[in-house]
Amino acid sequence: MDQPTALRGAAAPSAGSGPWLLEVEDLHVHFVTTRGVVRAVEGISYRVRPGEVVALVGESGCGKSVSSLAIMRLLAKPAGRVVAGRILFQGRNLLDLAEDEMRAIRGRDIAMIFQEPMTSLNPVLTIGFQIMEPLLIHLAMTPEQARGRAIELLKLVGMPDPERRLEQYPHQFSGGMRQRVMIAMAIANNPKVLIADEPTTALDVTVQAQILELIGNLQAEFGITVILITHDLGIVADVADSVAVMYGGRIVERAPTPVLFGRPEMPYTLGLLSSVPRMDTETLDRLEPIRGNPPSPISLPAGCVFHPRCLYSDRVAGERCATERPELLPAAPDHEVRCHLAPEVRRSIAGEVLRVIAGGSQ
């Protein structure tokens, strides 16, 4: 398959090579509402090297998507705002840029696949127009060049009969095909960073696998750095180089993917893993969901934000889980955990849970 013009000859760096491409430092994002201040993101930090795939995982409302919108500087104004922190892209703080400078980066150097393609695509404009628009704006192509490039992009994402599809509207596409259009639009300008926000939401499992495979293939072929946002820990095992688990606006565990799946320690991560169906082992009679509901970001509980749902807080002496916010601390090289449980207790619990997940208690 021919490569799109601007991607031809693009060097694909090995994952994790080179200096940091994107650095999120102590990011805090708040929304002012009539009910109070929504503390959507509370001090998250992570860094991504060129060619890496980093996954942000957690339940709805934990701050994953809000943090990505902050990177893109697309927070709803005036309610939403970054109140602290820095977002460094190639050493430049995106939060300090004028809007026209940010506009030059957004969509060209940093692109985003939004969560719901049906609402992200304009229903009254053809697919062709929507793919061609960023090419005309960012690359100053002629309409003829942009049309040819749009056809190449649709071919690249596996769209059948791309010439005819250019003239159609979003309602004429299935959910999986709309998501392919969103991916084509996102990679049109050969971005350095691609943020994929729940790219498989509302798709059946077969199409989910196809979309994830497509993103993985594009990343591997062109060396695009990917930030994959999802609530499903099960889909990142074969895709991501590292995983940051979020809860209540905070990162509660961060590790390389093999470590997170093989030696998890945070009780919330264990709960997510216990909720994932598995096909490679004997399955339990039923999955074990995390008890209770995620907290409201308007009134987060004191102490460890997860403690009202945690099965193991009684193993911490005193009332620390209910009164003291745990710090994100090293558990091993490249592995950080936010939990008051003693390390040896965390590891013992994790061993028990992983044996149950693997069917060892059967």
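**Close-up 1. Helices α7 and α8 packed together in this predicted model.** Here α7 covers residues 175-187 and α8 covers residues 205-222, and their axes sit 10 Å apart. The angle between the two is about 15°; that's under 35 degrees, so α7 and α8 count as roughly parallel to each other. The crossing of α7 past α8 is right-handed. On the α7 side, look for Gly-176, Gln-179, Arg-180, Ile-183 and Ile-187, which touch Val-207, Gln-210, Ile-211, Leu-214, Ile-215 and Leu-218 of α8. Sort these contact residues and you get seven nonpolar, three polar and one charged.

**Close-up 2. The largest pocket.** This one has a volume of about 580 Å³. It has 19 lining residues, with Gly-107, Phe-114, Glu-133, Pro-134 and Met-185 nearest its centre. Helix α4 (127-138) gives at least two residues to the lining, and so do β6 (110-113) and α7.

Close-up 3. Of its 16 lining residues, Trp-20, Arg-47, Ser-242, Arg-254 and Asp-334 are the closest to the centre. Two or more residues come from each of the strands β2 (36-48), β9 (242-247), β10 (250-256) and β12 (335-338). The lining splits into seven nonpolar, two polar and seven charged residues.

**Close-up 4. The largest cavity.** The structure has four cavities of 30 Å³ or more, and the largest has a volume of about 80 Å³. Among its 13 lining residues, Cys-304, Cys-310, Cys-321, Cys-339 and His-340 are closest to the centre. You'll find 10 nonpolar and three polar residues in this lining, but no charged ones.

Technical notes
Residues numbered from 1 in each chain as written. Predicted model: local features only at pLDDT ≥ 70, side-chain atom pairs only at ≥ 80, totals over all residues. Heavy atoms only, no water. 1 Å grid on protein atoms, 1.4 Å probe; cavity = no way out; pocket = protein on both sides within 12 Å on 5 of 7 lines; lining within 4 Å. Points joined across faces, edges and corners; volume = space filled by probe spheres on them. Nonpolar A, V, L, I, M, F, W, Y, C, P; charged D, E, K, R; others polar. Axes fitted to C-alpha atoms, helices over the stretch in contact; angles between N-to-C directions. Helix = DSSP H or I, 4+ residues; strand = E, 2+ residues; numbered from the N terminus. Parallel < 35°, antiparallel > 145°, perpendicular 65-115°, else oblique. Left-handed = near helix turned anticlockwise from the far one by under 90°. Contact = heavy atoms within 4.5 Å.
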